[in-house]
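Subject: Structure handover

Hello,

I am passing a structure on to you. Please open it first, then read my notes below.

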Amino acid sequence: MAVFAPKNLLRQPNFAALVALVWLLVALALMLQHWAATAETLLDTDDAMRLTELHRWLGNGFFSGWFDLSEPRLQPPVGYESHWSRLIDVGLAGMLAAFGFFVDPELAERLMRAWWPLLWLLPTIAAMTSIAWRIAGREAATVALLFALIGVPAYQQFMPGRVDHHNVQIALTMVVVACVVWSDRKPWAATLAGVLSGVALAIGLESTPYLIVGGAAMALRYVIAHHAGQTLRTYGLWLALTTAAMFFVSVAPDHWSRFYCDAIATNNIAAAVCGGLVLAAAGHFDHGHWITRLLAVASAAAFAGAVLFLLDPRCVRGPFATVDPAIWPIWHDQVREMQPLFRLFTVNPLTASAIAAFPAAAILAALALGFDHDMRRNFGFLVGVAVFLMAAATTIAAIRGYSYAMWLGMPIVAALALRVFALLRLKNFVARLIAGLMLTPMVLSSGAITIASAAGLGDTNSFAQPERQHCRRTASYMPLKRLQPGLVVTDISYGPYLLALTSHSVMAAPYHRLSSGITTSHKALASPPEQAREVLKSIKATYVMLCGPRPPDGLPEPARTASLWGRLQAGAPPPWLEPVPGMGPFAVYRVRP
């Protein structure tokens, strides 16, 4: 199959308009489906926590509170220092201010929460189709647009209300990959890849594996083709400059001496800057032997790795290397997005089948296309497959990589679709449309669920937990606002909602830096009443709150029944807890002095 590229993607007004039209259709469909829910609930704990962080920053002042990422109402009196990026808050604040010119503040915030994720869907779709175009031409990009239009399973992080950082990271990753696959044909692509890689690292380290594969692809291309030295120099230099700039913009001066494994900090930024500078220097060996170029780029990887290891060896084990082991059995092991795919198959085979279906199809598509000699020499195809395989491997290790695997798999399946059209001799539009629909993420995921269900499989531990949905509704928290503000001990899942929707403080929330608060909160609910009383007394708790039937994680019988949670669940509170009536779905108890 002939592979061609447009002279300039931006000079294709019809296709650009088609991309915009598909985005608009998807955005309007998602808005119609989820707009009502934006008034009923904050979708996720991260969305609630992001709003809490945004409100506190705006309340403290744009400049005076820029570096202050603390939340004193979480785990008092110590407080909590977030590892999230202020850069997301800037975008949210800007959109909030724009809507605030036309509507009242409450509606402006709701519109901001609704349109923020939809805005990032546009560059994600554009980048995905750009990758497909580079792999197999404009026709493949058109098929990829069909996948985006019917890509319902890929919209999870882009639903109205999702104001956390995941959609931004997916969008930046897709644009960086698109720039890398076009870097052999468009000189500006290397600059943009370096700049956006630095921005992505500042927002979060979740996309690091995919950025590393993209940088490695540019380095290996230089090893094979000496004329790619200028591209590598540009990429490495802009990566180093942008990463350094993002560090100074994001990290307070009094934190420059601190090392972290889970966020932008001196140790990991030093590694990225050193790696970028050495890559830029390596690009000057463009007239040497390929072994010389290989040694030059290998030294960049070795230097970056050495810097990271020497500054903080623990971070070599990943972002959770410094997490307190005590919180793993009582919280971290139960975090949905951190579940391995194969473990998910044992408890929720229908959900796991839906997650695995399209990435599995993309793996088969990559294998089929790999038999073609021209494809094996296609830089865009090789990069696209390499980054996708990294996302697939990440999904197997932890299903949080699922969204990346979906979006990165679409260009590969779209390229295979052209081969299927040719094999079946489908030439008219309707026939190709029907065949293309059979390969879309929604159809493949639905088909996998149908097959698994027909085989007698069924989910036994649904993530939806309908019996707890009322525990997350915004209206459910309104009665709590009437209580005198105090410290609430409850399931950590409700901590961010209490912070965002009330004036209360909470002991814990679902974040790995809160090991002390998580273990203390768990101990209070999982201990027998008299021991729990001592824990609550030591932290000066004001209220204990329950909602729904879910017990504390990692608490088996008979300890569950004997625990404070078990007593309260049975409606037999100890005398030192005073029931507070009229709290809606919540069972609230005031701790007697």
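Here are notes on some strands and salt bridges.

This is a predicted model: local features need pLDDT of at least 70, side-chain atom pairs count only at pLDDT 80 or more, and totals for chains, interfaces and linings use all residues. Residues are numbered from 1 along each chain as its sequence is written, and side-chain values use heavy atoms, with hydrogens and water left out.

**Strands**

Helices (H or I, at least four residues) and strands (E, at least two) are DSSP runs, numbered from the N terminus. Two strands pair if DSSP finds at least two bridges between them.

Start with strand 7, residues 587–591. Strand 5 (residues 543–546) pairs with strand 7 in the antiparallel sense, over four bridges. Here Tyr543 stands opposite Arg590. Strand 6 (residues 577–580) also runs antiparallel to strand 7, joined by four bridges. In that pairing, Val580 stands opposite Val588. Strands 6 and 7 form a hairpin, with six residues between them. Look at Gly582 in the turn: its phi is positive, about 75 degrees.

**Salt bridges**

A salt bridge here is a side-chain nitrogen of Lys or Arg within 4 Å of a carboxyl oxygen of Asp or Glu. By this rule there are 19 salt bridges. For exposure, buried means under 20% relative accessible area, exposed means over 50%, and partly exposed is in between (1.4 Å probe, protein chains only).

- Arg162 and Asp44 form a salt bridge, with the closest N and O atoms 3.7 Å apart. This pair links distant parts of the chain, 118 residues apart. Arg162 is in the loop between helix 5 (138–149) and helix 6 (166–182). Asp44 is in the loop between helix 1 (13–40) and helix 2 (45–60). Both residues are buried. A network of salt bridges links Asp44, Asp47, Arg162 and Asp164.
- Asp89 and Arg86 form a salt bridge, with the closest N and O atoms 2.9 Å apart. Both lie in helix 3 (residues 86–100), three residues apart, about one turn of the helix. Asp89 and Arg86 are both buried.
- Glu337 and Arg400 form a salt bridge, with the closest N and O atoms 3.9 Å apart. This pair also links distant parts of the chain, 63 residues apart. Glu337 is in the loop between helix 12 (327–330) and helix 13 (341–347). Arg400 is in the loop between helix 16 (379–397) and helix 17 (402–423). Glu337 has 30% relative accessibility, so Glu337 counts as partly exposed. Arg400 counts as partly exposed because its relative accessibility is 26%.

Best wishes
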